[in-house]
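Morning, everyone. Please have a look at the chain on the screen, and keep it in view while I talk.

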Amino acid sequence: MFRLMANEEYLSDRRCIWVNGPVIVGAGPSGLATAACLRDQKVPFVVVERSDCIASLWQKRTYDRLKLHLPKKFCQLPKMPFPDHYPEYPTKRQFIDYLESYANHFDIKPEFNKSVESARFDETSGLWRVRTMTAGEEMEYICRWLVVATGENAERVVPEINGLKTEFNGEVIHACEYKSGEKFRGKRVLVVGCGNSGMEVSLDLANHNAITSMVVRSSVHVLPREVMGKSTFGISVMLMKWLPLWLVDKLLLILSWLVLGSLSKYGLKRPNIGPMELKIKTGKTPVLDIGALEKIKSGDVEIVPAIKRFSRSHVELVDGQKLDIDAVVLATGYCSNVPSWLQESEFCSKKGFPNTWKGKSGLYAAGFTRKGLAGASADAVSIAQDIGNVWREETKPQKMKRNVGHRRCISVA
């Protein structure tokens, strides 16, 4: 099963490494959780990460004021809870510290600055071949199992908007580059996108006295983060254990109306289907309000319709309005990069997300169920148990087989 055939590709100058266990691609929360669970199963592994740190999205591509939007009990990774002294909604810095402590506790040492260029299953040998690039040096990992843990937010989405790149002469940044509203104080800023990031960036800009407008081109569910001191998400999880989905959505919308009131008069129209049903069907997460609605209601954040085109110093909207603006923040989301390097067409949906946590031929995915950190943790536990069962069976002393003489392969893990 573990035999490698010496075909033409293996005669290249590429450095080859045999991994005695799975290769995990990605050192974010999903990859760390999977590694920790494999460690618990006593299965060796290698984690490769394209950046120079763990959780690079959190460390390098998030704004300063960010906090977890859900209570910490729904965001902790397997086998290690958050410290007791952490608040209910940990800050960005606290979450990063937790992840670093998590990696240290489970002795997870990713191989950094290794960008995966391709990964394919070799039918001849029955093994995965994962090709990476580091500072111009090519390397190939050979392994029995491959775990895709690069997350749903690997690459920024930058929409094509008429005139934005060719005519507008103000500053344009993606939300992943936004840190604080301080540099925009007194400036006219247009936020494109009304999801959780768009809402929070708009709130931060308004708090720093920027003249803020937010583009809302479609319907959106906005829910209070808490109802009577209880997490709205926690309430929905509890209700879904006992009630049908349509009734849970109905109750959530009633609670939202009682807390937030009607939002349509402010330009925020709700979708025709409920927030939880929408999340399950499309992956679109409802906005959990942490203060942006107050700014919208007071007029500190203006809601505007879709964009028609940009010119040198202003934007024209589809309703004919023209706004003078100094800067644009694109809160237009992220996408998966898995289809660009994973050579397995059946594993990914049309949107680039793996369809399941377990594929064929030893292929797994963690953190793509669109269920947040809790979903990533559940995937990690399932993956580790599945691999662990096979590992224990195949490494029993009486069944161990060893083949030697592989071409220039270095055994690790």
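I will go through confidence, a sheet, a helix pair, a hairpin and one proline.

Confidence comes first. This is a predicted model. The protein chain averages a pLDDT of 90. Of its residues, 91% score at least 70. Now look at residues 1–11. There the pLDDT is below 50. Even so, this stretch has 31 contacts in the model beyond near neighbours in sequence.

Next, the sheet. In what order do the strands of the open sheet run? The order is 9-20-10-11-16. That makes five strands, with parallel pairing. Strand 9, residues 171–174, is an edge strand. So is strand 16, residues 301–304. Each of these two pairs on one side only. From one strand to the next, the twist averages 20°.

Zoom in on strand 16 and its partner, strand 11, which covers residues 211–215. The two pair in the parallel sense over four bridges. Take Thr212 as an example: its bridge partner in strand 16 is Val301.

What lies across these strands? Helix 4, residues 196–207, lies across strands 10, 11, 16 and 20. Helix 4 runs at about 165° to strand 11.

Now a pair of helices. Helix 6 is residues 245–260, and helix 7 is residues 275–282. Their axes are 7 Å apart. They pack at an angle of about 125°.

Which residues meet here? From helix 6 come Leu245, Val248, Asp249, Leu252 and Leu253. From helix 7 come Pro275, Met276, Glu277 and Ile280. By class, this contact has seven nonpolar residues, two charged and no polar ones.

On to the hairpin. It joins strand 17 to strand 18 through three residues. Strand 17 is residues 307–310, and strand 18 is residues 314–317. Here the pairing is antiparallel, over three bridges. Phe310 has Val315 in strand 18 as its bridge partner.

Last stop: Pro110. Find it in the loop between helix 3 and strand 4. Is Pro110 buried or exposed? Its relative accessibility is 12%, and buried means under 20%, so Pro110 counts as buried. Which residues does Pro110 touch, leaving aside its neighbours within four places in sequence? Ala27, Val47 and Ile54 are in contact with it. Then there is Phe45, 65 residues from Pro110 in sequence. In space, the two are 9.8 Å apart, C-alpha to C-alpha.

Notes. Residues numbered from 1 in each chain as written. Predicted model: local features only at pLDDT ≥ 70, side-chain atom pairs only at ≥ 80, totals over all residues. Heavy atoms only, no water. Pairing = 2+ DSSP bridges. Axes fitted to C-alpha atoms, helices over the stretch in contact; angles between N-to-C directions. Contact = heavy atoms within 4.5 Å. pLDDT = per-residue confidence, 0-100. Nonpolar A, V, L, I, M, F, W, Y, C, P; charged D, E, K, R; others polar. Buried < 20%, exposed > 50% of the residue type's maximum accessible area, 1.4 Å probe, protein only.
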